[in-house]
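Reader: I am new to this structure and would like to go through it step by step. Could you take my questions in turn?

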Amino acid sequence: MISCMEATRLASIQMERKLSFWERVQFRLHLAICIGCRRAEKQFAFMRQVTGAWMSPKD
């Protein structure tokens, strides 16, 4: 089982690239038992969405 530190690292990495099969398996197993890391993953996704909207030209 991966640690919370490794899970949050993978949550961040998945915003930039597709995780390997083994990374996804380990990450999803960890998320199944860790509510804190599930929240962190949602926060990363929200921050990416917000910054993407802020940085995209609307004109």
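Reader: Which side chain meets Arg 28 in a salt bridge, and which helices does the pair tie together?

Author: In this predicted model, the side chain of Arg 28 meets that of Glu 41 in a salt bridge, at 3.3 Å from N to O. Arg 28 lies in helix H2 and Glu 41 in helix H3, so the pair ties together parts that are 13 residues apart in sequence. The partner is therefore Glu 41, and the helices are H2 and H3.

Reader: Is Glu 41 buried or exposed?

Author: A residue counts as buried when its relative accessible area is under 20%. Arg 28, with 45%, is partly exposed, whereas the relative accessible area of Glu 41 is 14%. Since that value falls under the cut-off, Glu 41 is buried.

Reader: How many residues apart in sequence are the parts that Arg 48 and Glu 16 tie together?

Author: The side chains of Arg 48 and Glu 16 meet in a salt bridge, with 3.2 Å between N and O. Arg 48 belongs to helix H3, which covers residues 35-55, while Glu 16 sits in the loop between helix H1 (4-13) and helix H2 (21-33). Arg 48 is partly exposed at 43% relative accessible area, and Glu 16 is exposed at 64%. The parts tied together by this pair are apart in sequence by 32 residues.

Reader: How many salt bridges does a search of the whole structure find?

Author: Besides the pairs already discussed, the side chains of Arg 17 and Glu 23 meet in a salt bridge at 3.1 Å, N to O. In that pair Arg 17 is partly exposed, with 40% relative accessibility, and Glu 23 is buried, with 16%. For the whole structure, the number of salt bridges found is four.

Definitions and conventions: Residues are numbered from 1 along each chain as its sequence is written. This is a predicted model: local features need pLDDT of at least 70, side-chain atom pairs count only at pLDDT 80 or more; totals for chains, interfaces and linings use all residues. Side-chain values use heavy atoms; hydrogens and water are left out. Helices (H or I, at least four residues) and strands (E, at least two) are DSSP runs, numbered from the N terminus. Buried means under 20% relative accessible area, exposed over 50%, partly exposed in between (1.4 Å probe, protein chains only).
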